[in-house]
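The following note sets out several points on the model shown here.

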Amino acid sequence: MNHQLSAIIFNKHHIINVGFNRWLIRGHLMNIPIRKSIHAEEDAISGCSRSELWGSSILVFRKNFGLAKPCHRCEQIIRSSGIRNIFYTETSNDKKIIKKL
């Protein structure tokens, strides 16, 4: 993976779960590993129950604070999960910014 992204799901009281973009090994074909990437948002959401996600918030960020706006597919997954607020990081004129989607 080219960018090291992380996602934190939280509510007013505590952090619910964290996720990272990473490769999953999905078996082997002729001794070559079959890999699938998982996005940080998917990883964080997959470890939570629906009731934990309902009304919570998510922050997606990049290791060196670059643009970490969720892709269209991840945005749909986040919204359908019950997460209320989506925040992400970006830089503008060398300023580090957290934006709400």
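1. A polar contact is a pair of N or O atoms within 3.5 Å; within protein, one must be able to donate a hydrogen and the other to accept it, and residues adjacent in sequence count only if both atoms are side-chain atoms. In this predicted model, local features need pLDDT of at least 70 and side-chain atom pairs pLDDT 80 or more, while totals for chains, interfaces and linings use all residues. Residues are numbered from 1 along each chain as its sequence is written, and side-chain values use heavy atoms, leaving out hydrogens and water.

2. A polar atom of the Glu-42 side chain lies 2.8 Å from the backbone nitrogen of His-39. Glu-42 belongs to helix H1 (helices, H or I, of at least four residues, and strands, E, of at least two, are DSSP runs numbered from the N terminus). Glu-42 is buried, at 14% relative accessible area (buried is under 20%, exposed over 50%, partly exposed in between, with a 1.4 Å probe and protein chains only). Beyond four places in sequence, Glu-42 is in contact (heavy atoms within 4.5 Å) with Arg-73, Cys-74 and Ile-77.

3. The structure holds 0 disulfides (pairs of cysteine sulfur atoms within 2.5 Å). The sulfur of Cys-48 is too far for a bond because the closest cysteine sulfur, in Cys-74, is 14 Å away.
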